[in-house]
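Here is a short note to read with the model open beside you. Take the points in order and find each residue as you go.

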Amino acid sequence: MKWEQMPLGPLQTNCYLIANSIKECLVIDPGSEGGKLIHHIRKRGLKPIAILLTHAHFDHIGAVDDVRDQFNIPVYIHRKEKKWLANPAMNGSIAFMSQSISARDADHLIDQEDRLTVGSFSCQIYETPGHSPGSISYYFKESGFVVSGDALFAGSIGRTDLPQGDHGQLIKSIHQKLLTLPEDTIVLPGHGQETTIETEMESNPYLNGF
């Protein structure tokens with residue numbers, strides 16, 4: 001399996017295209033610039049089969065409906081944030097962008113840590129709340145990477161001063177879930193460059209002592 005990172009929108013939120021050998025792909029966090037993203041997917045000859053969301057903040061959902069409607073594919077999100085998609089006050093767009101950003105309801109709600117299988121793709125879901133109550137990470141064990149959303153970044157962690165953010169809970173999520181993964185696991189964050197579990201264990205100043 002191959003992955004590709006596409007920073008989109010004013011906050012350069014990372015959208016990830018996870019593709020298999022027959023060019024089917026998962027679209028993770030299509031945050032903005034739907035036309036640009038769709039054009040890139042078509043140019044690469046990819047065939048999207050689902051949209052997976054790490055959480056429902058506005059900068060991760062702005063192109064959800066564009067991509068969903070273009071390719072007629074389902075959307076997955078954690079149950080705790082099912083109402084956030086359609087609510088600009090809850091997803092933060094009104095407060096931070098002074099405009100309404102929304103998407104229609106998700107097709108599938110995730111409510112527990114489990115193995116998620118979509119077509120030929122399979123990954124482990126980890127609940128990693130703290131940045132938001134329904135934040136989840138997608139771990140592709142066989143390919144050695146985890147999509148961490150805004151939980152863990154290269155040299156940093158997600159902000160927790162947003163509504164329903166919880167710093168202690170985020171640290172616990174990172175420590176008990178993400179840092180238990182093999183040290184050579186590649187971390188694909190919601191913003192910025194990729195990193196590894198080993199690198200963050202050794203040098204992330206927010207995780208000192210963990």
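This is a predicted model: local features need pLDDT of at least 70, side-chain atom pairs count only at pLDDT 80 or more; totals for chains, interfaces and linings use all residues.

1. **K47 and its surroundings.** Look for K47 in strand β4, which covers residues 47–52. Leaving out residues up to four places away in sequence, K47 touches I22, K23, E24 and C25. Now look across to L207. K47 and L207 are 160 residues apart along the chain. Their C-alpha atoms are separated by 38 Å.

2. **S173, a buried residue.** S173 sits in helix α6. Its relative accessible area is 7%, so S173 is buried, the cut-off being under 20%. Which residues does S173 touch, not counting those up to four places away in sequence? They are E127, T128, P129 and L178.

3. **D29 and its positive phi.** Check the backbone at D29. Phi of D29 is near 55 degrees, a positive value, and the residue is not glycine. D29 lies in the loop that runs between β3 (24–28) and α1 (34–43). With a relative accessible area of 2%, D29 is buried.

4. **N72 and its positive phi.** Phi of N72 is near 55 degrees, a positive value in a residue other than glycine. N72 is placed in the loop between α3 (64–71) and β5 (75–78). Is N72 buried or exposed? N72 is exposed, because its relative accessible area is 70% and exposed means over 50%.

5. **D65 and R104.** How many salt bridges does the structure hold? There are 9. One of them joins the side chains of D65 and R104, at 3.8 Å from N to O. This pair links distant parts of the chain: D65 is in helix α3, R104 is in the loop between α5 (93–97) and β6 (108–110), and they are 39 residues apart. D65 is buried, at 17% relative accessible area. R104 is partly exposed, at 42%. Both residues also belong to a salt-bridge network of D65, R68, D69, R104 and D107.

6. **R79 and D111.** The side chains of R79 and D111 meet in a salt bridge, again at 3.8 Å from N to O. Here too the pair links distant parts of the chain, 32 residues apart. R79 is in the loop between β5 and α4 (88–91), while D111 is in the loop between β6 and β7 (115–118). R79 is partly exposed, with 38% relative accessibility. D111 is partly exposed as well, with 43%.

7. **K177 and E113.** K177 and E113 form a salt bridge through their side chains, 2.7 Å from N to O. K177 lies in the loop between α6 and β13, and E113 lies in the loop between β6 and β7, so the pair ties together parts that are 64 residues apart in sequence. E113 is partly exposed, at 31% relative accessible area.

8. **A negative patch.** Which residues form the negative surface patch? They are E183, D184, E198 and E202. Start with E183, in the loop between α6 (167–176) and β13 (186–189). E183 has 42% relative accessibility, so it counts as partly exposed.

Methods
Residues are numbered from 1 along each chain as its sequence is written. Side-chain values use heavy atoms; hydrogens and water are left out. Patches are made of residues with over 30% relative accessible area and no salt bridge: like charges are joined within 9 Å, nonpolar side chains (Val, Leu, Ile, Met, Phe, Trp, Tyr) within 5 Å. Accessible areas come from the Shrake-Rupley method with a 1.4 Å probe; for residues, only the protein chains shown count as cover. A salt bridge is a side-chain nitrogen of Lys or Arg within 4 Å of a carboxyl oxygen of Asp or Glu. Lys and Arg count as positive and Asp and Glu as negative; His and the chain ends are not counted. The place of a charge is taken as NZ of Lys, CZ of Arg, CG of Asp or CD of Glu. Helices (H or I, at least four residues) and strands (E, at least two) are DSSP runs, numbered from the N terminus. Buried means under 20% relative accessible area, exposed over 50%, partly exposed in between (1.4 Å probe, protein chains only). Contact means heavy atoms within 4.5 Å.
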